[in-house]
Amino acid sequence: MRQVAAVTIHTAAGTPNRGWMRFLGNVVPVALGRGGILANKREGDGGTPRGTFRPRRLWWRADRHVRPRTLLPVRPISPEDAWCEEPADRHYNQAIRLSGSQGGDRLRRDDHLYDFIIEIDHNTRPRIAGRGSAVFLHLARENFGPTAGCVAMTRPAMLRLLQRIGPRTRIIIE
């Protein structure tokens, strides 16, 4: 597999919460955050952050799908896996493990949106409280409804992307 150098994502004309993703001649529709693409991302604003990012790893539901082909590090999602979205917490914008009764953005969902999650390095070095957390590339709702700030696509598009994306790929959201 040859790693793609860059993936670009931009807004669709006239629809700020929908867009297009381009890589290696593929052009696929994506859902964006309900706030559109924002240069000054804040926690809870519903915006997809503008910028250039790198993929960190793939999280996937091993109980639902075979391990996809990818150049990214891969981690199966367990029932305890979650993401810290609380700016005052020392684990803000990091993967955490929760017990059954604790709250948090659980990665193991009943719907299929998080069956495949590409974790990106948005707000990681340095992590700044309130600048946004849990920004992923994941699966879209059937109607391409807006996300809370992520980029979402169909399962076939995700599987094509996973075959070509690697740790050195740039994800450019413009």
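User: What share of the contacts in the protein chain between residues at least 6 apart in sequence join residues at least 24 apart?

Analyst: In this predicted model, where contact means heavy atoms within 4.5 Å, that share is 59%. Residues are numbered from 1 along each chain as its sequence is written, and side-chain values use heavy atoms, with hydrogens and water left out. Local features need pLDDT of at least 70 and side-chain atom pairs count only at pLDDT 80 or more, while totals for chains, interfaces and linings use all residues.

User: How many of the residues count as buried?

Analyst: Buried means under 20% relative accessible area, with a 1.4 Å probe and protein chains only, and 47% of the 174 residues count as such.

User: What makes a nonpolar core, and which residues touch the most other members of the largest one?

Analyst: A nonpolar core is a set of buried Ala, Val, Leu, Ile, Met, Phe, Trp, Tyr and Cys residues joined through side-chain atoms within 4.5 Å. The largest has 28 residues, of which I9, M21, I118, L137, M153, L161 and L162 touch the most other members. Its largest share, four residues, comes from helix α1 (residues 155-164). Apart from this core lies another, of 10 residues, among them W59 and I77.

Notes
Buried means under 20% relative accessible area, exposed over 50%, partly exposed in between (1.4 Å probe, protein chains only). Helices (H or I, at least four residues) and strands (E, at least two) are DSSP runs, numbered from the N terminus.
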